[in-house]
Amino acid sequence: MTTINYQQLADDLDEIKMSTLATVGQKDANYIRSIVRKQRFCEIGGRILFMLGFVQPLLWVAGVLLLGLAKILDNMEIGHNVMHGQYDWMNDKQLNSKSYEWDIACDGQSWNRVHNFEHHTYTNIIGKDRDFGYGLLRLSNDFKWRLKNTWQFITYLNLSVLFQWGVSYHELAGERVFIGKKKPNRKGAVAHSTLKKRFFSKGARQLIKDYVLFPVLAGPLFLWVLSGNFLANLIRNLWTSTIIFCGHFTEQTHTFYEQDCKNESQGQWYYRQALGSSNIKGARWFHILTGHLSFQIEHHLFPDMPSSRYQEIAPKVQAALQKQGIAYNTGGFFQQYTSVLKRILRYSFK
Amino acid sequence: MLTPVLDQFSKWFLHHQSFAAYIEPIMQVFKPGWRADLFRAKVVDVQALSGQFLSISLKPSKKWPIHIAGQHISLTVEANGRLLTRVFTLACSPAQFKATGLLRLLVKTDQQGHFTSQLQNALAVQPWCNISLPSGDFVFKSWHKPSTFIAGGSGITPMLAMLDQQLSNTEHQIKLIYFAKAGEHQCTNELKMLTQQYNHFSYVMLTRDRSPYLTTHINTDDNPDIYCCGPAGFMQEVADFTRLLNLTYYQESFALSMPKLTDDNHFSVIINKDTHVVTSNEVLLNQFEAKKLPVQRGCGIGICHQCQCIKKSGVVRNLKTNQLSDTGEQLIQLCVSQAVSDLELQL
């Protein structure tokens with residue numbers, strides 16, 4: 001660690017950032033708008049195909065896949081990245097971090113606080129970044145082993161199935177809104193009453209939309225629509241959970257301590273971001289479906305750079321890290337996912 | 001009936017402010033440039049005139065309501081992926097619009113400006129742009145007494161619209177005093193034709209260096225109403241003069257005066273209708289926190305966007321990129337923003 005020239009690292013990565021941002025423009029605007037357009041076609045197409053399930057069940061299957069795809073695009077490539085402020089420069093009223101709200105149970109403002117601020121500022125700092133293990137899983141020796149960790153693989157599976165609700169409840173759990181004693185290091189930015197109101201309001205609207213309103217509007221096709229919505233949500237939950245775990249919890253991702261990060265320089269901050277993340281190799285369509293979180297290292301280094309640029313800068317980032325002898329953790333999907341599963345299992349036990 | 005229901009449905013379940021906003025990406029497949037909260041306008045003609053002026057002809061969609069002479073619109077164009085919006089006064093009367101179906105804008109371009117420097121190129125590649133509803137109260141009110149119009153540079157635009165609209169509605173004297181740089185007076189043929197058509201209209205074309213006093217040509221004996229549009233200092237001089245002589249005065253501001261940046265500049269910031277003073281030697285977030293304004297601090301280093309707010313007008317410098325913002329509406333991060341001009345913000 002002492003051989004790393006942090007100033008050089010910061011200079012190199014800043015140069016990548018500035019030279020890339022200088023070229024951001026029409027191409028990037030066209031890209032995100034085309035993704036939003038595809039998302040709309042998938043969402044509307046999927047809901048229409050549900051209704052044709054009684055004619056040909058395969059159409060219903062196609063509807064499930066299309067709606068699942070729409071939710072994945074909305075949550076990952078559009079919602080996550082737009083809410084990070086990556087496309088604020090477009091001045092588009094529909095695509096900016098101030099106003100965008102996504103098709104998921106989690107209230108966007110809550111996610112912004114916990115994810116954009118807490119996770120991206122204090123990435124993998126034990127005790128500061130609640131995303132590390134989500135307060136449910138023991139993923140390093142930094143946490144004391146407890147009996148419940150023995151069955152944490154089951155906990156992980158449950159979290160994946162219900163992922164949107166996990167994300168939705170994340171801030172409330174950290175603030176101990178319903179249960180538990182408030183931790184002394186947490187300074188809640190929002191009143192508990194507001195947190196509860198927004199949690200129930202957003203969650204209820206998502207439930208009503210997918211499990212009451214659209215099924216009722218379908219009349220005799222109630223069950224076709226209800227079950228289609230359920231499966232589309234499940235597909236989205238499993239996909240987003242899997243991609244996010246691959247980006248954060250492979251065996252190679254490092255943890256850090258608060259005292260080591262005090263007064264850290266830009267270079268040290270970059271170093272922490274790089275080692276706290278893992279990439280996933282794949283084809284272009286795969287990267288789009290992950291919201292380019294398959295380039296988690298690049299995302300953590302430059303969280304407000306348009307995601308459309310992560311693939312382009314990845315070789316330069318890798319070279320800058322290699323120059324300082326810093327690992328660039330990447331691998332195929334199955335390699336990274338196996339590594340995640342091993343880590344969950346490994347820390348289930350003392 | 002259906003629209004409010006769909007809009008409420010969209011707010012609750014589709015997470016968009018209106019149904020139109022939700023379907024905007026689909027509508028754009030069939031109608032390029034269509035935007036939920038703006039009117040679409042086809043760019044029919046863009047002509048470069050003397051003095052770096054552009055004459056722009058736009059054909060708005062049929063739903064666009066008719067304006068009153070002297071009113072302005074906001075023009076939104078997409079330049080390199082960025083939606084840029086500026087306010088311009090229409091340089092055509094409602095009668096001219098009805099006759100041709102076209103709106104005319106006269107825009108003075110500035111190569112240093114974020115917007116007008118890109119305008120000609122942007123309109124050359126984007127056949128569609130967007131305009132807002134007409135608004136503004138700089139309209140003619142002097143049917144029963146003489147009036148004098150004083151225009152500086154591109155401040156001629158509302159005057160052109162008002163003259164065409166109102167000369168036939170009044171018999172009282174209307175005089176135009178038109179200042180511009182030498183060789184940069186616009187629409188001189190139109191003005192000449194109006195003098196031939198209406199005996200009660202006259203005009204003088206002046207340049208500042210040859211006629212240093214703006215108010216020399218005002219005939220104060222007639223006690224005219226004064227309408228003025230031009231640069232800030234220009235209008236201030238006329239306003240002071242009219243106040244002295246107790247003349248009725250109307251003005252239209254169209255330009256932001258940009259002081260040179262030094263570390264000790266003080267600027268006024270309007271936030272939710274309250275005015276505050278800030279300095280340029282400290283980021284806005286720190287100053288707002290000290291004033292106990294309802295701002296939210298996040299990372300403090302321009303990453304998390306927690307402190308983001310809407311800048312309605314004015315210029316800030318982004319300390320991360322060292323770039324100046326546009327003058328128009330956009331999102332800014334307070335923790336890395338330094339005031340460079342007076343600002344209006346929405347927290």
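This is a predicted model: local features need pLDDT of at least 70, side-chain atom pairs count only at pLDDT 80 or more; totals for chains, interfaces and linings use all residues.
How many salt bridges does a search of the whole structure find over all chains? The search finds 23.

One salt bridge within chain B joins B:Glu184 to B:Lys108, with 3.3 Å between the closest N and O atoms. B:Lys108 belongs to strand S5 (residues 103-108) of chain B, while B:Glu184 sits in the loop between strand S8 (174-179) and helix H6 (188-197) of that chain, so the pair ties together parts that are 76 residues apart in sequence.

Between chain A and chain B the count is two salt bridges. A:Arg33 forms a salt bridge with B:Glu78, and here the closest N and O atoms are 2.8 Å apart.

The interface can also be described by its residues and its area. In terms of residues, 45 from chain A are in contact with 42 from chain B. The size of an interface is often given as the accessible area lost when the parts come together. For chain A and chain B the buried area is about 3500 Å², and 55% of it is on carbon and sulfur atoms. On the chain A side, the residues that lose the most area to chain B are A:Arg40, A:Asn91 and A:Gln94, which together make up 18% of what that side buries.

A helix pair also links the two chains. Helix H7 of chain A and helix H1 (residues 2-14) of chain B cross at roughly 120°, their axes coming within 9 Å. From H7(A), the residues A:Arg205, A:Gln206, A:Ile208, A:Lys209, A:Leu213 and A:Phe214 meet B:Phe9, B:Lys11, B:Trp12 and B:Phe13 of H1(B). By class, this contact of H7(A) with H1(B) has six nonpolar, one polar and three charged residues.

H7(A) also packs within its own chain. H7 (residues 192-217) and H8 (residues 222-248) of chain A have axes 8 Å apart and an angle of about 150°. Angles over 145 degrees count as roughly antiparallel, and H7(A) is therefore roughly antiparallel to H8(A). The crossing of H7(A) past H8(A) is right-handed. On the H7(A) side the contact is made by A:Asp210, A:Tyr211, A:Phe214, A:Pro215 and A:Val216, and on the H8(A) side by A:Phe222, A:Val225, A:Leu226, A:Asn229, A:Phe230 and A:Asn233. The residues of this contact of H7(A) with H8(A) divide into eight nonpolar, two polar and one charged. A:Phe214 takes part in the contact with H8(A) and also in the contact with H1(B).

How values were computed:
Residues are numbered from 1 along each chain as its sequence is written. Chains are lettered from A and ligands numbered from 1 in the order in which they are written. Side-chain values use heavy atoms; hydrogens and water are left out. Axes are lines fitted to C-alpha atoms, for helices over the stretch in contact, and angles run from 0 to 180 degrees between N-to-C directions. Helices (H or I, at least four residues) and strands (E, at least two) are DSSP runs, numbered from the N terminus. Angles under 35 degrees count as roughly parallel, over 145 as roughly antiparallel, 65 to 115 as roughly perpendicular and the rest as oblique. A crossing is left-handed if the near helix is turned anticlockwise from the far one by less than a right angle, and right-handed if clockwise. Contact means heavy atoms within 4.5 Å. Ala, Val, Leu, Ile, Met, Phe, Trp, Tyr, Cys and Pro count as nonpolar, Asp, Glu, Lys and Arg as charged, and the others, Gly among them, as polar. Buried area is the accessible area (1.4 Å probe) that two parts lose on being put together, summed over both. A salt bridge is a side-chain nitrogen of Lys or Arg within 4 Å of a carboxyl oxygen of Asp or Glu.
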